[in-house]
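Student: I am new to this structure and would like a close look at one part of it. Could you take me through that part slowly, with its surroundings?

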Amino acid sequence: MVYNTTILLEYVDVMNRPKFKNNIDHDLILNFVNTIMNIGLAFDPIPSTKPFADESDRIFYDTAKNSDSFLITGNIRHFPKEPFIMLPGDFLKQVREV
């Protein structure tokens, strides 16, 4: 997993939103972030100039593209159509085929 501080802060922000906050224990969030930091690769991308409706999505795109990684998202419509961007089910299908 490739990450950077901005991505980790976004994860924490999302998991603390009202629709998730009551279902996710704070210690679990900290454990999740610590696990990413322990096993992941810290990476600071070069910002792209692609237009994004939601600028907070740019860091995920730039990090995946610059690090030659996959961007797995349930919100695929928020990103440009590129082969490294896929839905979780499509990623799992591809991994099983390898």
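Tutor: Happy to! Helix H1 gives the most to the lining of the largest pocket, with five residues. Helices here are DSSP runs of H or I with at least four residues, strands are runs of E with at least two, and both are numbered from the N terminus. A pocket is found on a 1 Å grid over the protein atoms alone, as an open set of points with protein on both sides within 12 Å along at least five of seven lines; lining residues have an atom within 4 Å of a point.

Before going on, a word on the model: it is predicted, so local features need pLDDT of at least 70 and side-chain atom pairs count only at pLDDT 80 or more, while totals for chains, interfaces and linings use all residues. Residues are numbered from 1 along each chain as its sequence is written, and side-chain values use heavy atoms, with hydrogens and water left out.

Back to the pocket. Its lining has 25 residues, and Tyr11, Phe60, Leu71, Ile72 and Thr73 lie nearest the centre. Two or more residues each come from H1, helix H4 (58-66) and strand S3 (71-72). By type, the lining divides into 14 nonpolar, seven polar and four charged residues. Here Ala, Val, Leu, Ile, Met, Phe, Trp, Tyr, Cys and Pro count as nonpolar, Asp, Glu, Lys and Arg as charged, and the others, Gly among them, as polar.

Now follow H1 to its helix neighbours. H1 and H4 pack at an angle of about 135°, with their axes 10 Å apart; axes are lines fitted to C-alpha atoms, for helices over the stretch in contact, and angles run from 0 to 180 degrees between N-to-C directions. H1 and H4 are therefore oblique to each other, as angles under 35 degrees count as roughly parallel, over 145 as roughly antiparallel, 65 to 115 as roughly perpendicular and the rest as oblique. Thr6, Ile7, Glu10 and Tyr11 of H1 meet Ile59, Phe60 and Thr63 of H4, where contact means heavy atoms within 4.5 Å.

Terms used. On a 1 Å grid over the protein atoms alone, a cavity is a set of points where a 1.4 Å probe fits but cannot get out, and a pocket is an open set with protein on both sides within 12 Å along at least five of seven lines; lining residues have an atom within 4 Å of a point.
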